[in-house]
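Biologist: I am new to this structure and would like to be taken through it. Please show it first.

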Amino acid sequence: QLANEKIKEVIVEVLTESDIPLSITEIQKANEELSALSNQKISSLLTQLKNDNIVVRVEDKKKALFTIAR
């Protein structure tokens with residue numbers, strides 16, 4: 001649980017630093033810690049962040065992209 005919170009902070013950091021919405025793969029590539037995690041794990045944490053209104057999911061040509069909710 002606590003580890004997940006830390007990972008979420010890293011995800012938010014990566015998205016905050018990016019000017020454009022990112023895919024899960026791009027989020028993984030942006031951070032060494034995240035690249036060690038599975039796609040499903042990051043996806044599940046992004047869903048939690050989305051439910052907490054911290055992250056917004058946008059669709060681009062059927063591809064899910066994520067950005068910080070402003």
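Modeller: One term first: contact means heavy atoms within 4.5 Å. This is a predicted model, in which local features need pLDDT of at least 70, side-chain atom pairs count only at pLDDT 80 or more, and totals for chains, interfaces and linings use all residues. Residues are numbered from 1 along each chain as its sequence is written, and side-chain values use heavy atoms, with hydrogens and water left out.

Biologist: Which residues does Leu 46 touch?

Modeller: Leaving aside residues up to four places away in sequence, Leu 46 touches Ile 11, Leu 15, Ile 24, Ile 27, Val 55 and Phe 66.

Biologist: Which residues touch the most other members of the largest nonpolar core?

Modeller: Of its 16 residues, they are Ile 11, Leu 15, Ile 27, Leu 34, Leu 46 and Phe 66. A nonpolar core is a set of buried Ala, Val, Leu, Ile, Met, Phe, Trp, Tyr and Cys residues joined through side-chain atoms within 4.5 Å. Buried means under 20% relative accessible area, exposed over 50%, and partly exposed in between (1.4 Å probe, protein chains only).

Biologist: Which elements give two or more residues to this core?

Modeller: They are α1 (2-17), α2, α4 and β2 (63-68). Helix α1 gives the most, with five residues. Helices (H or I, at least four residues) and strands (E, at least two) are DSSP runs, numbered from the N terminus.

Biologist: Now the strands. In what sense do β1 and β2 pair, parallel or antiparallel?

Modeller: They pair in the antiparallel sense, over six bridges; two strands pair if DSSP finds at least two bridges between them. Val 58 has Leu 65 in β2 as its bridge partner. The hairpin has two residues between the strands, and Lys 61 takes a positive phi near 50 degrees there.

Biologist: How many salt bridges does a search of the whole structure find?

Modeller: It finds two, a salt bridge being a side-chain nitrogen of Lys or Arg within 4 Å of a carboxyl oxygen of Asp or Glu. Glu 5 pairs with Lys 8, their closest N and O atoms being 3.4 Å apart. Both lie in helix α1, three residues apart, about one turn of the helix. Arg 57 forms a salt bridge with Glu 59, where the closest N and O atoms are 2.7 Å apart.

Biologist: And Lys 8, is that buried or exposed?

Modeller: Lys 8 is buried, because its relative accessible area is 8%. Glu 5, at 37%, is partly exposed.
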